[in-house]
Amino acid sequence: MSMLTKEWLSSFEHELKGNILKFWMDHTLDVSSGGFAGEIDNQMNVIAGAEKSLVLNTRILWTFASAYSMYGTKDYLEMAERAYDYLTLHFTDTEYGGMLWMVNEQGEPSQPKKQIYGLAFAIYAMAEFYNATGRPEALQQAVDLFQLIEKYGYDPLHKGYIEALSRDWKITDNLSLSAKDLNEKKSMNTHLHILEAYTGLYRVWKSEELKNKLYELIEVMLDHIIDQAGEHFHLFFDEEWHVKSDTLSYGHDIEGSWLLVEAAEVLGDERLFQRVRARAVTMAEAVLAEGIADDGGIWNEAENGSLIDKTKDWWPQAEAIVGFYNAYQLTGDSRFLEAAENTWSFTDKYIIDHKLGEWVWGVDEDLKPLEHAPKVSAWKCPYHNSRACFEMIKRLTLNLKETI
């Protein structure tokens, strides 16, 4: 039986305000060097000397700008301003433009390459900060980054975007996002988050150029990145879109299913929306059939029909809650609603850290928290879990209004 909407709504609001946002306000400020701690382990020890990543800091900005937009709470605005000020002061490349990939603990450049994925998150965050505060300089920074991506990262011959460039925007062999990613010219992950960023920017800046780029990017996702069956994303490609990996990422599949719908909705093109809708439902069906464990948790990865990673990380759970609920909204199929509820129950039982706060990185096959995975890091941020709460609060609130 479906959870009562009011009770479910209350549980997401409690998790968002009482756990996730509170944790980041209480435990992550770097009072000595400014900004936020670069890494905190799962026992709440701050790791001295940890680098500070563009991803972590832009995701903190996005999270607290979104929280301020939703609730108007001064504390949330102060967190957003702290993140914005640190990004502007320490990550902005005043020599070559754009933003740096990593800085050291003192805020000095340590990995100064231009990672397009990171620049996309800066657009996403700056656009949301502008939406929350109306500060024109934030919108201008987002627009400037959009124009830099289009100038240097866009592939005019084959379409889509390359992964990275050197600090001075030259071709580089250092392309990969992290040690686990292939060093290929193009990836699903970068395109997914450019899509997300351009969607957020288009909400606040109705540029014709941006509109055309968002249209094209959706088409690229549909034509090159989703497989021929319409069920999964391919993950890595060369410049000409030849597939370079057989791995499936269930978290990205379910995340992409709802982000594509969001992008098509923003554009308001019914023909495109119906095409995207069909793919979103097919992708959600595939994750429902292949990627969900008996306990309701979402597996990480598979290859050639077999699981290759039997841990369950925090972020696929967050994305599955929204992705399955989105599929339910598109179809009315109660199987998707049940899947969303089951994943939320799994998350509450195994992923939310009810003792120390926030969410653990993930659990192993025995459903025990991963012992050496950090609580805060370059990649462990408040974005996936807070966004799941924001999305569910908005969707459930709208559902309540429609049923009154």
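**Figure 1. Burial in the predicted model of the protein.** Of the 404 residues in this predicted model, 58% count as buried. The accessible surface of the protein comes to about 16400 Å², and carbon and sulfur atoms account for 47% of that surface.

**Figure 2. The overall fold and its dimensions.** The protein contains twelve helices and twelve strands. Its radius of gyration is 20 Å, close to the 22 Å given by the globule rule for 404 residues, so the protein is as compact as a globular protein of that length. The C-alpha trace spans about 60 × 50 × 45 Å along the principal axes. Of the contacts between residues at least 6 apart in sequence, 67% join residues at least 24 apart.

**Figure 3. The largest nonpolar core.** In soluble globular proteins, nonpolar side chains tend to be buried together. The largest nonpolar core in this protein has 138 residues. Helix 4 (residues 116-133) supplies the largest share of this core, with 13 residues. The residues with the most contacts inside the core are Tyr 198, Phe 233 and Phe 324.

**Figure 4. The surroundings of Phe 233.** Phe 233 is one of the residues with the most contacts inside the largest nonpolar core. When residues up to four places away in sequence are not counted, Phe 233 touches Met 188, Leu 192, Met 221, Ile 225, Ile 226 and Leu 248, among others. Its partners also include Leu 260 and Met 283, as well as Thr 247, His 252, Asp 253 and Gly 256.

**Figure 5. The charges of the protein.** The protein carries 38 positive and 65 negative charges.

Technical notes
Residues numbered from 1 in each chain as written. Predicted model: local features only at pLDDT ≥ 70, side-chain atom pairs only at ≥ 80, totals over all residues. Heavy atoms only, no water. Helix = DSSP H or I, 4+ residues; strand = E, 2+ residues; numbered from the N terminus. Rg over C-alpha atoms; globule rule 2.2 N^0.38 Å. Buried < 20%, exposed > 50% of the residue type's maximum accessible area, 1.4 Å probe, protein only. Contact = heavy atoms within 4.5 Å. Areas by Shrake-Rupley, 256 points an atom, 1.4 Å probe, with all protein chains shown as cover. Lys, Arg positive; Asp, Glu negative; His and termini not counted. Charge placed at Lys NZ, Arg CZ, Asp CG, Glu CD. Core = buried A, V, L, I, M, F, W, Y, C linked by side-chain atoms within 4.5 Å.
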